[in-house]
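Here is a short note for someone opening this entry for the first time. Please keep the structure in view while reading.

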Amino acid sequence: MNDSFQSSELQGVSRTRLTDQTAAALREYILSNNLPPGTRLPSEPKLAAALGVSRNVLRQAVASLEALGMLRVTQGSGTYVADLADTEVFQQIAAWMGTGILNEEDYLEVRAIWERGIYALVMDRARPADLDRLDKIAVAMVETDDPDEAVVRHQEFHDALLQVTGNQFLVTTGTILHRFFWEFGYRDALVRKPPVTRLLDGHRLIVRLLRSRDPGNIQEMIDLHLSPHLSADDTGHRG
């Protein structure tokens, strides 16, 4: 019997590559579903089965994302989406950035530049259903009596705003900025964090201005959103 099999015709399957692919799939699952920090992932057996990999490969993939600060593993409890601000990655980047150069005026200027671009894209690309969803979230954030729920809704609003742009790179970088750069200023008290009630006001008006599709309204939206960071004496808006 002539065995025509030639091992040189096959390329070996790299376990490292499989681990990378698994890590990439987990990352995409977290980002595409906008899973907030603290979200518990499905159990190891369920994740391994859903991904079609062994539990050993899954553990290696989880370990790689944990090292990057995306996941947090708690023995006996499970695997959770990490808060970047609580990780070594955050601390290392913060150390490289330094705190001496950050002041509130610069912070607000950068946010205004960032938000101007986002609002312009949303005005151009949002469907009526997208704006309806934003309005629904804005209503929910001010109607709840639970401060923690209000903060969650606020994050949901801005996650949804980024999604409407249709630019996935912007969605990813925006998520990082919200969870890292903005929190960086607040945690080190370099930027005054506005009271939750002032932080949430104005989002429905922002949606109404987005519906106008008038770029001339963008500055008003920026003022509405950033004015809570200023003292009552510094602004005539509540945002």
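The points below go through the cores, the helix packing and the hairpin.

1. Basis. This is a predicted model, in which local features need pLDDT of at least 70, side-chain atom pairs count only at pLDDT 80 or more, and totals for chains, interfaces and linings use all residues. Residues are numbered from 1 along each chain as its sequence is written, and side-chain values use heavy atoms, with hydrogens and water left out.

2. Main core. The largest nonpolar core has 33 residues. (Such a core is a set of buried Ala, Val, Leu, Ile, Met, Phe, Trp, Tyr and Cys residues joined through side-chain atoms within 4.5 Å; buried means under 20% relative accessible area, with a 1.4 Å probe and protein chains only.) Tyr119, Val122, Leu134, Phe157, Leu161, Leu210 and Met221 touch the most other members. Elements giving two or more residues include α5 (104-125), α7 (147-164), α11 and α12. Helices here are DSSP runs of H or I, at least four residues, and strands are E runs of at least two, numbered from the N terminus. The largest share, seven residues, comes from α5.

3. Second core. A separate core of 17 residues includes Ile30, Leu47, Leu65 and Leu71.

4. His203. This residue lies in helix α11 (residues 203-212). His203 is buried, at 2% relative accessible area. Leaving aside residues up to four places away in sequence, His203 touches Ala138, Met141, His154, Phe157, His158 and His225. Contact means heavy atoms within 4.5 Å.

5. α11 with α12. How do α11 and α12 pack? The angle is about 170°, and the axes are 10 Å apart. (Axes are lines fitted to C-alpha atoms over the stretch in contact; angles run from 0 to 180 degrees between N-to-C directions.) The two helices are therefore roughly antiparallel, a label for angles over 145 degrees. His203, Leu205, Ile206, Leu209 and Leu210 of α11 meet Glu220, Met221, Leu224 and His225 of α12.

6. α2 with α3. Helix α2 (residues 44-51) packs against helix α3 (residues 55-67) at about 100°, with axes 9 Å apart. They are therefore roughly perpendicular, the label for 65 to 115 degrees. Glu44, Pro45, Leu47, Ala48 and Leu51 in α2 meet Arg55, Leu58 and Arg59 in α3.

7. Strands β1 (residues 71-74) and β2 (residues 78-81) run antiparallel, joined by four bridges; pairing needs at least two DSSP bridges. Val73 stands opposite Thr79. Three residues separate the strands of this hairpin, and Gly76 in the turn has a positive phi of about 80°.

Key. Buried < 20%, exposed > 50% of the residue type's maximum accessible area, 1.4 Å probe, protein only. Parallel < 35°, antiparallel > 145°, perpendicular 65-115°, else oblique.
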